[in-house]
Amino acid sequence: MRANRAPDDRAGEWPQVTAPVALSLGNTPLAKGWSANAQLLPATPDLLARAQTNPDVWTAYLTISDFGFRISDFGFEISDLSLRPRVPGDRIQPLGMSGSIKLSDLMINRKIPMAARAGWPLLVAGNEVLWAAGLCLNHRYRVTGETKRVLIVRLERSREWPMVESPHD
């Protein structure tokens, strides 16, 4: 996987969100034919190994321990977790780093087109960015040997829309 480049944009379309969307287990529709599929699973040795070697930039494996669940009109929601576009001042501590970086700097460094940045989907808990989809996972929410439950969030494109592929080198 190319560490310093954004996912390939052959189709000219990127995942986008226009407003905060509560994350539900199962399928959560987003804009432009994209959706977020979320699963909550017990941390088995196989799942922990998959999380450690995840090659898919559109899938995040996160340690989830401090979030509750509730039933809503939209299904089984994970309390306090949502997908939203970035806001000024957003920061993330990238996996493996000790400090944080501004999302705007991360997007510039990864060469995200300027037109795609404002609606780029971020998985957040309150104001904390847990995952910048396709870019990086927050180090604080990485899966470790102590993880008990794993939240898997995968952004997917409907087959009716042109596909954006994950980069593999």
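I began with the cluster: ring pairs join Trp14, Trp34, Trp58 and Trp120. I kept in mind that this is a predicted model. My count of aromatic pairs came to three.

Next I took Trp14 and Trp120. Their ring centres are 5.2 Å apart and their planes stand at 50°. That angle falls between the cut-offs of 30 and 60 degrees, so I wrote the pair down as tilted. I then checked where the two sit. Trp14 is in the segment before strand 1 (21-24), while Trp120 is in the loop between helix 3 (114-117) and strand 9 (122-125). The pair links distant parts of the chain, 106 residues apart.

Then I turned to Trp34 and Trp58. The centres of their rings lie 5.4 Å apart with the planes at 55°, so this pair is tilted. Trp34 belongs to strand 3 (residues 34-42), and Trp58 to the loop between helix 1 (45-52) and strand 4 (59-63). The pair therefore ties together parts that are 24 residues apart in sequence. I found both Trp34 and Trp58 buried.

Last, a separate entry on Leu135. I located Leu135 in the loop between strand 10 (128-132) and strand 11 (136-137). Leu135 has a relative accessible area of 8%, so I noted it as buried.

Note on methods: Residues are numbered from 1 along each chain as its sequence is written. This is a predicted model: local features need pLDDT of at least 70, side-chain atom pairs count only at pLDDT 80 or more; totals for chains, interfaces and linings use all residues. Side-chain values use heavy atoms; hydrogens and water are left out. Rings of Phe, Tyr and Trp (its six-membered ring) pair if their centres lie within 6.5 Å; planes under 30 degrees apart count as stacked, over 60 as edge-to-face and the rest as tilted. Helices (H or I, at least four residues) and strands (E, at least two) are DSSP runs, numbered from the N terminus. Buried means under 20% relative accessible area, exposed over 50%, partly exposed in between (1.4 Å probe, protein chains only).
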